[in-house]
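Open your viewer and get ready to click along. We will go from stop to stop, selecting a few residues each time.

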Amino acid sequence: MEKVRVDVQWCDKNFGASFGENVPGAVVFTADTFDALQRVAKETLDFHVEGMLEDGDEVPQWLANGDYTFEYNYLDIATMLRVCEAYASLAAISRATGINQNQLSHYATGLKRPRPAQRKRIVDGIHHIGEQLLAVGM
């Protein structure tokens, strides 16, 4: 099964995305939430492949057969924070990272960009939240 990379970026009030290099042609799409973007990705790719087939374009067999999964690639910290906000508040991420919530808000809006060490703290903090959730037992 092939992986179709979906490059995702927060674009002011929407998520914008495009497919990776193993999908022929330039395809871009947007959605107001990440969940919606995931649905739109499938619909957009199906529509694109259908059009290519109708036009007689060469389409890889795996793509024509739908033998793929999506792999989402967040292009910046603002995008990652916007995706994660559905599962963890900036306050929770602040507690997990030790980074001031106001600073995280600046990163989430794109007003400021974190240095590499800050990006690592954010990713590590989000992973920590995930590990804590996975450790919950009944």
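Here is the tour, beginning with a note on the model.

This is a predicted model, where local features need pLDDT of at least 70, side-chain atom pairs count only at pLDDT 80 or more, and totals for chains, interfaces and linings use all residues. Residues are numbered from 1 along each chain as its sequence is written, and side-chain values use heavy atoms, with hydrogens and water left out.

**Stop 1: R5 and its partners**

Select R5, D7 and E21. Which residues does R5 meet in salt bridges? One partner is D7, at 2.8 Å from N to O, and another is E21, at 3.0 Å. A salt bridge here is a side-chain nitrogen of Lys or Arg within 4 Å of a carboxyl oxygen of Asp or Glu. E21 sits in the loop between β2 and β3 (28–31) while R5 belongs to strand β1, so this pair ties together parts that are 16 residues apart in sequence. (Helices, H or I with at least four residues, and strands, E with at least two, are DSSP runs numbered from the N terminus.)

Now compare their surroundings. D7 counts as buried at 13% relative accessibility, R5 as partly exposed at 26%, and E21 as exposed at 68%. Buried means under 20% relative accessible area, exposed over 50%, and partly exposed in between, using a 1.4 Å probe and protein chains only.

**Stop 2**

Leaving out residues up to four places away in sequence, Q9 touches N14, F15, G16, L75, D76 and T79; contact means heavy atoms within 4.5 Å.

Next, click D12, in the loop between β1 and β2 (14–19). D12 has a positive phi of about 70° although it is not a glycine. Most residues other than glycine have a negative phi.

**Stop 3: helix α4**

Select residues 90–97, which form helix α4, and look for its buried residues: L90, A92, I93, S94 and T97. They pack against α3 (77–84), α5 (101–109) and α6 (116–134). After α4 comes G98, whose phi is positive, near 80°.

**Stop 4: along α6**

Finish with K120 and D124, whose side chains meet in a salt bridge of 2.7 Å, N to O. Both lie in helix α6, four residues apart, about one turn of the helix.
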